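Visitor: I would like to learn how to read a structure like this one. Can we go through it feature by feature?

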Amino acid sequence: MSLVNMVSSTPSSASQTPSAVNVCKCEVAGGKRQDSVEEMKSQLLHMGRERRSSSSAGHEKCPFHFDLELDHKPPTREDIIPELAASYRSLLKDLGEDPNRDGLRKTPVRAAKAMLYFTKGYDQTIEDVMNDAVFDEDHDDLVIVKDIEMFSICEHHLVPFWGKVSVGYLPNKKVLGLSKVARIVEIFSRRLQVQERLTKQIALAVVEAIQPTGVGVVVEGIHMCMVMRGVQKINAKTTTSTMLGVFRDDPKTREEFLTLVK
């Protein structure tokens, strides 16, 4: 199947995304398949525009949110380092290692801090990175930010995947500061992810930010779950794309975008 015909249909529901590294032991609410752009935009409001709180779907029974105050938030990520480090210490023991030996004594804390950094996108919102970088501009030609480096963690095996992201859009009287496109990629890649959902979330975030005529996103990734385990195919790459608006409806626009990002 060509990239032209590849449009991710993986749900990007916030209710299906884990909370940050056991920050909250909430029950994850079931989500339905999202088939329309409007429905996907609605769920993005939760994923990228709101931090976790007692009003967030799936947090109703969370012990951190028992008071149901709308401004109540989970502990800061630094607050949970001791608990997370204890989990890594237990993991080392279960693997048959001695967590008290010199090489491993500080590993649980180091691993906890590293995991919090890898998943820092949970505590970032679109507003955090926009910083008034949306500009009125009478420009209606294609804008592309190509080969943005991306690092993420596969939610299936908790191993890394990485690659490059290319984002293009047709402005509708508004343009986005170029560095902010990379910031959007960073927000959603620094979470537990699958590549299909990541691709769609980036596209929808651009829609939310500037309401362009169309958006196209192409992600090419290498997954350690395929390289280190299972089939162990070290040269395998996965390519996903999401096309919205004119990028989906107009073959010429889509072809131009795909040609320029090759």
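Visitor: At what angle do helix 2 and helix 3 pack?
Guide: Keep in mind that this is a predicted model. Helix 2 (residues 81-94) and helix 3 (residues 107-118) pack at about 120°. Their axes are 8 Å apart.

Visitor: How is helix 2 oriented to helix 3, and what is the hand of the crossing?
Guide: Angles from 65 to 115 degrees count as roughly perpendicular, and those over 145 as roughly antiparallel. Helix 2 and helix 3 are therefore oblique to each other. Their crossing is right-handed.

Visitor: Which residues meet there?
Guide: Helix 2 brings Ile-81, Leu-84, Ala-85, Tyr-88, Arg-89 and Leu-92. Among their partners in helix 3 are Val-109, Ala-112, Lys-113 and Leu-116. By class, the residues of this contact are 11 nonpolar, 1 polar and 2 charged.

Visitor: Now the sheet. In what order do the strands lie?
Guide: The order is 5-2-3-6-7. These 5 strands form an open sheet with mixed pairing. Strand 5 (192-193) and strand 7 (238-245) are the edges. Each has a single partner strand, so one side of each lacks a neighbour in the sheet.

Visitor: What packs on the sheet?
Guide: Helix 5 (residues 178-189) does. This helix touches strand 2 (143-154), strand 3 and strand 5. The directions of helix 5 and strand 2 make about 20°.

Visitor: Do strand 2 and strand 5 pair in the parallel or the antiparallel sense?
Guide: Parallel, over 2 bridges. Look for Ile-153 opposite Leu-192 in strand 5.

Visitor: And strand 2 with strand 3, parallel or antiparallel?
Guide: Antiparallel, over 9 bridges. Ile-144 stands opposite Gly-168 in strand 3. The two strands form a hairpin, with 5 residues between them. In the turn, Leu-158 has a positive phi of about 55°.

Visitor: How many bridges join strand 3 to strand 6?
Guide: There are 10. Strand 3 (residues 160-170) and strand 6 (residues 214-223) run antiparallel.

Visitor: Last, aromatic rings. How is a pair described?
Guide: By the distance of the centres and the angle of the planes. This structure holds 1 aromatic pair. The rings of Phe-247 and Phe-257 have centres 5.3 Å apart and planes at 80°, so the pair is edge-to-face.

Visitor: Where do Phe-247 and Phe-257 lie?
Guide: Phe-247 is in helix 8 (residues 246-249), and Phe-257 is in helix 9 (residues 251-260). The pair therefore ties together parts that are 10 residues apart in sequence.

Note on methods:
Residues are numbered from 1 along each chain as its sequence is written. This is a predicted model: local features need pLDDT of at least 70, side-chain atom pairs count only at pLDDT 80 or more; totals for chains, interfaces and linings use all residues. Side-chain values use heavy atoms; hydrogens and water are left out. Axes are lines fitted to C-alpha atoms, for helices over the stretch in contact, and angles run from 0 to 180 degrees between N-to-C directions. Helices (H or I, at least four residues) and strands (E, at least two) are DSSP runs, numbered from the N terminus. Angles under 35 degrees count as roughly parallel, over 145 as roughly antiparallel, 65 to 115 as roughly perpendicular and the rest as oblique. A crossing is left-handed if the near helix is turned anticlockwise from the far one by less than a right angle, and right-handed if clockwise. Contact means heavy atoms within 4.5 Å. Ala, Val, Leu, Ile, Met, Phe, Trp, Tyr, Cys and Pro count as nonpolar, Asp, Glu, Lys and Arg as charged, and the others, Gly among them, as polar. Two strands pair if DSSP finds at least two bridges between them. Rings of Phe, Tyr and Trp (its six-membered ring) pair if their centres lie within 6.5 Å; planes under 30 degrees apart count as stacked, over 60 as edge-to-face and the rest as tilted.
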